[in-house]
Amino acid sequence: MSTENEGAAVPPEAKPPAGPQPDSAPASASGDRTPDAPQTPPPPPGFAPAAGHPPQPGYGHPGDAPTTEQTAQIPPYPGTGHAAPGAGGGWGQQPPYGSDPWAVAGSPAPKRRNGGLIAAVLVAALVAGGIGGGIGFWAAGQNDSASTTVSAPGDPGALNRKPTSVSGIAQKALPSVVTIEAQGATGEGGTGTGFVYDKQGHILTNNHVVASAAGGGKLTATFSNGKKYDAEVVGNAQGYDVAVIKLKNASGAPLNPLPLGKSGNVQVGDATIAIGAPFGLSGTVTTGIISAKDRPVASSDGGGTSASYMSALQTDASINPGNSGGPLMDAAGNVIGINSAIQSAGNGGGLGGESQQSGSIGLGFAIPIDQAKRVAQDLIRTGKPVYPQIGVQVGMRDTGDGATIAQTGNNGSKAVTPNGPADKAGLRPGDTITKLDNTVIDSGPTLISEIWQHKPGDEVTLTYKRGGKEHTAHVTLGQRTGDK
């Protein structure tokens, strides 16, 4: 969009241009870029930027992470003169510069008097204006009902958006999406998003959105109609980065739960709709597609001490700090994930944190709703998360070749839990796990995120290497309750 003003001064003499013109340390696997022109008046001042929203905490996920438009030039119209449109020669060849295209060949060009020409133009304009005014007055006097405005009949139905359109889905979902403000006892906190989970007033969101208020801080949820309600944390799972809060007084609140889809049925290329409060701008709707699935993502809080792992849905829908905890929906309006993290271009390749105020580069990650639903049910029922595990501690920095079981565990513990699932299946320190069922394991975080897609009691097949040879083992997943 140009900010240049249109030229208003009358040039001293109009001459056609000649010829063509140019175009202008080990962790547990259970989760630890002009042509000359008449001078014009200076451009008007631009808009002042809106006040920014204060930084929000969290992962970069839109939370805490451990996580051009090219102007298309229209080609010139075809013609012998190769003139660009608007260059003054129409589609054909232009006359030589300084000649009169309308004069008889060989006759001298008439002299032009600029002052008289300008005066004549002004007089003509005034006369024309007077005539026009007189005619308009006369016509109005002849018929009071006459109108000089021509209107075309509109189609009221054209504004009736289909329920399955983005607009239709947004109109239905927005009343069930809330903006969450969390403040800890010492004043730290930020803004995130959540959505109505059930009619009892439970709101599903990210752990990193509400963690600061979990220990006696203040928590509020504001609906799209502007009504704000106090809330409390029912349960939070740091490893999964999922939390459930509940409105303290839900009387009058529009408790219409969003329908939950099945993230297991999602395919790459499926349309997505993300709703949230990026940088505090509540009720923001963006669209995109699923650009990848089963993307292993490991993230941590601002201090880098609390890790979360997910086998994420990747989307190019614009997600920014403050979208954390909001719904990622499919083309039918069903929730398929909880927006949780973004890749940032300004943090050296890690996941951009909300504290960094990083922006979207088209790489957002959401916790699959199948997993989030199971975690939410545990949190509502007991207030504590339940994690499946195989009972080993693996290296978290080595990538590419698999997840290698450490020789020794943290704080002198054994790397393979005695009598645990892996121990019973015959795995030992130094073994490198390369597959879980049919999923290739390239690192410790990938192993953990894949295990956490399951539930305790599920049987999985592990492929591992020992001494250069490949082995398989069937492992029944154990469990751990609560965050360490």
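The secondary structure of the chain comes to six helices and 21 strands. Helices (H or I, at least four residues) and strands (E, at least two) are DSSP runs, numbered from the N terminus. The model is predicted: local features need pLDDT of at least 70, side-chain atom pairs count only at pLDDT 80 or more, and totals for chains, interfaces and linings use all residues. Residues are numbered from 1 along each chain as its sequence is written, and side-chain values use heavy atoms, with hydrogens and water left out.

Of the 484 residues in the chain, 39% are buried. Buried means under 20% relative accessible area, exposed over 50%, and partly exposed in between (1.4 Å probe, protein chains only). The chain exposes about 26,700 Å², and carbon and sulfur atoms supply 54% of this area. Accessible areas come from the Shrake-Rupley method with a 1.4 Å probe; for residues, only the protein chains shown count as cover.

A closed barrel of six strands runs 2-3-4-7-6-5, with antiparallel pairing. The twist averages 40° from one strand to the next. Two strands pair if DSSP finds at least two bridges between them. Strand 2 (residues 177–183) is joined to strand 3 by seven bridges, and the two run antiparallel. Here Glu 181 stands opposite Thr 191 in strand 3. Strand 3 (residues 189–196) is in turn joined to strand 4 by two bridges, again antiparallel. Phe 195 stands opposite Leu 204 in strand 4. Strand 3 and strand 4 form a hairpin with five residues between the strands, in which Gly 201 takes a positive phi near 95°. On to strand 7 (residues 242–247), strand 4 pairs in the antiparallel sense over four bridges. His 202 has Lys 246 in strand 7 as its bridge partner.

Strand 4 (residues 202–205) is covered on both sides. His 202 and Leu 204 point one way, Ile 203 and Thr 205 point the other way, and all are buried. In a regular strand the side chains alternate between the two faces of the sheet.

Leu 204 also belongs to the largest nonpolar core, which has 54 residues. A nonpolar core is a set of buried Ala, Val, Leu, Ile, Met, Phe, Trp, Tyr and Cys residues joined through side-chain atoms within 4.5 Å. The residues with the most contacts inside this core are Leu 204, Val 242, Met 329, Ile 390, Leu 427, Leu 447 and Leu 462. Helix 4 (residues 369–382) gives the most to this core, with five residues. A second, separate core of 18 residues includes Val 178, Ala 213, Ile 245 and Leu 255.

Helix 4 lies across strand 4, strand 6 and strand 7, and runs at about 55° to strand 7. Axes are lines fitted to C-alpha atoms, for helices over the stretch in contact, and angles run from 0 to 180 degrees between N-to-C directions. The buried residues of helix 4 are Ile 369, Gln 371, Ala 372, Arg 374, Val 375, Ala 376, Asp 378 and Leu 379. Their cover includes strand 4, strand 6 (228–237), strand 7, strand 12 (335–342), strand 13 (364–368) and strand 14 (386–389). At 1.5 Å a residue, the 14 residues of helix 4 should span 20 Å; the end C-alpha atoms are 20 Å apart, which agrees. The expected span of a helix is 1.5 Å times one less than its number of residues. Just after helix 4, Gly 383 takes a positive phi of about 85°.

Strand 17 (residues 432–436) is mostly covered, with four of its five residues buried. Strand 17 pairs with strand 16 (residues 403–404) in the antiparallel sense over two bridges. Thr 432 is the bridge partner of Thr 404. Four bridges link strand 17 to strand 19 (residues 459–466), also antiparallel. Tyr 464 in strand 19 is the bridge partner of Ile 433. Strand 18 (residues 439–440) pairs with strand 17 over two bridges in the antiparallel sense. Val 440 in strand 18 is the bridge partner of Lys 435. Strand 17 and strand 18 form a hairpin with two residues between them, and Asp 437 in the turn has a positive phi of about 55°.

Ile 319 is found in the loop between strand 10 (307–315) and strand 11 (327–329). Ile 319 counts as buried because its relative accessibility is 1%. The C-alpha atoms of Ile 319 and Asn 339, 20 residues apart along the chain, are separated by 7.8 Å.

How values were computed:
Contact = heavy atoms within 4.5 Å.
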